[in-house]
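Trainee: I am new to this structure. Please walk me through it step by step.

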Amino acid sequence: MKALLFEQPRQFGWAELSEPARPAPGEALVRVHAVGICGSDISGFLGKMPFFSYPRIPGHELGVEVLAVGGGVTHIQPGDRCSVEPYINCQNCFSCKKGNGNCCENLKVLGVHTDGGMRPRFIVPARKLHPGNKLSNEQLALVETLAIGCHAVDRGAPKEGENCLVVGAGPIGLSVLEFLRLHKVNILVADTNQIRLDFVGKQFGIKHLIQIRGGDADLEAIQAACGGGLPTLVHDATGNPKAMTRSFDFVGFTGRMVFVGIVPDAVSFADPLFHRREMSLFATRNAHSGDFPRIIKLIEDGVIDTRPWITHRTTLLELPNSFETLIKPETGVVKAMVAVENE
Ligand SMILES: [Zn+2]
Ligand SMILES: [Zn+2]
């Protein structure tokens, strides 16, 4: 069977793999049906992802079907369709023992630090499979994207009635938005790109949309949408160091900021501003295991509507040809889904 490779930055390749062995105790053999393409895949392809090594089979947003399970695996059985939690943690380090496997000190993310799911079949630790038989394969692949927003919003812990700003209306910002919407808060979304803002207004029904142009007009628009002050919860999902610096301006007195997007560079900020307003700054990394079943249930119950999300589709064999188009923001791509053929 063929697996797609990022051979080196900006170069696709194919690996001819032999069939995986039978799953050992605690493992499962899965057949991959759908793979979502995300910002970190694009950065990996372009050679801009700090943790990426080559050659690598990418793919960490996965909708799979269980083909066989090893000894001791009881929560899933062959035929179950699952979302994969791609954060393979060691279960032994300080973070893992504390229940924070999302930031395990020895973390291996499928498709980033270790080979991922752009192949027909592979073995995964069964504890990383979250069954969701009522969801489509594409919805199961989308769960991981949503998990990023879920954990980011939990980090910010919105309070009822709070003004909450999301800076950056790409897929990560949208996943934050999905979970802010579950709270009784006033939501603002800011981006430099008006097309993205129009999408958020139309598909997510958000009224307060602010186009960032630089200068005081941005602050005035944000204050107006908050009824005077500045937001006390800001999620920055820009993945751009300059924008991250600017986001400090948008945080109100005693406010909290969550950096969702990650960049390889240093981010600087004016300390007097940070101190005067007594801000708190949070990082958010991946998501917790428990977020996966929670999100599967929210989709099942229709609380999260996945329809606006999947805008583009391709197949694994076609991917090298279509990749360049799928990663261009001007094509209006939110989430591209890759269907994986059986062979
Ligand atoms: Zn992703
Ligand atoms: Zn660990």
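Trainee: In strand 14, which residue is the bridge partner of Asp-236?

Mentor: This is a predicted model, where local features need pLDDT of at least 70, side-chain atom pairs count only at pLDDT 80 or more, and totals for chains, interfaces and linings use all residues. Residues are numbered from 1 along each chain as its sequence is written, with chains lettered from A and ligands numbered from 1 in the order in which they are written. Strands (E, at least two residues) and helices (H or I, at least four) are DSSP runs numbered from the N terminus. In strand 14, Asp-236 has as its bridge partner Phe-259.

Trainee: How many bridges join strand 13 to strand 14?

Mentor: Strands pair if DSSP finds at least two bridges between them. Strand 13 (residues 233-236) and strand 14 (residues 256-259) run parallel, and the bridges joining them number four.

Trainee: What angle does helix 3 make with strand 14?

Mentor: Helix 3 touches strand 13, strand 14 and strand 15 as it packs on the sheet; contact means C-beta atoms, placed from the backbone, within 7 Å. Axes are lines fitted to C-alpha atoms, for helices over the stretch in contact, and angles between N-to-C directions run from 0 to 180 degrees. Here the angle is about 155 degrees.

Trainee: Which strands stand at the edges of the sheet?

Mentor: Six strands, paired in parallel, form an open sheet in the order 12-11-10-13-14-15. Each edge strand has a single partner, so one side is left without a neighbour in the sheet; the two are strand 12 (208-211) and strand 15 (280-283).

Technical notes
Two residues are in contact if their C-beta atoms, placed from the backbone, lie within 7 Å.
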